[in-house]
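Trainee: I am new to this structure and would like to learn how to read its aromatic side chains. Please take me through them.

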Amino acid sequence: MHGVDTSDKKQQRNFGLTMAAAIAVLGLIRWGIHWARTGTMPDWPVYFFAVAAVFLITGMAAPGVLRPVFAGWMKFAFGLNWLVTRILLTISFFGMITPVRFLIQWFGNDPLDREWKPDAASYWEDPDDPNPDAERYRKQF
């Protein structure tokens, strides 16, 4: 699965520890948001901490048990990666490149000089004059 070995015990242990930390942090964030919105001290997010403890204990004691969860999580992550990549590329193309193309066309500029010139003997362009100070690039030391 794209370079992730779900049967590796170290990877499974890291997954269990990471999930435990992430779920505990999510519980604390939920607790803090509730406290900030209502102004009252809420109960501790016991359910979040219970799920985090299950991941922590399982990851430390028997990481092999986490293999199906880890494999499913990786499939979900790669699917999400595929989807988000295409969405971001589409947004960037139609949000940046397409408007620039229309602006260039609207102002009548053609940076590639694609205009048809039936009278021209050749479409060859003369090169720019070399930099008069180019000799200093030949002997750098």
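Trainee: Is Trp73 buried, partly exposed or exposed?

Mentor: Buried means under 20% relative accessible area, exposed over 50%, and partly exposed in between, with a 1.4 Å probe and protein chains only. Trp73 has a relative accessible area of 39%, so Trp73 is partly exposed. Phe76, at 48%, is partly exposed. This is a predicted model, where local features need pLDDT of at least 70 and side-chain atom pairs count only at pLDDT 80 or more, while totals for chains, interfaces and linings use all residues. Residues are numbered from 1 along each chain as its sequence is written, and side-chain values use heavy atoms, without hydrogens and water.

Trainee: How many aromatic pairs does a search of the whole structure find?

Mentor: A pair of aromatic rings is described by the distance of the centres and the angle of the planes. Rings of Phe, Tyr and Trp (its six-membered ring) pair if their centres lie within 6.5 Å; planes under 30 degrees apart count as stacked, over 60 as edge-to-face and the rest as tilted. The whole structure holds nine such pairs. In one of them, Trp44 and Phe49, the centres are 6.2 Å apart and the planes at 35 degrees, so the pair is tilted. For Trp73 and Phe76 the centres are 5.7 Å apart and the planes at 50 degrees, so this pair is tilted.

Trainee: How exposed are Trp44 and Phe49?

Mentor: Trp44 is exposed at 51%, and Phe49 is partly exposed at 30%.

Trainee: Which residues form one aromatic cluster?

Mentor: Trp44 and Phe49 form the cluster together with Trp31 and Trp35.
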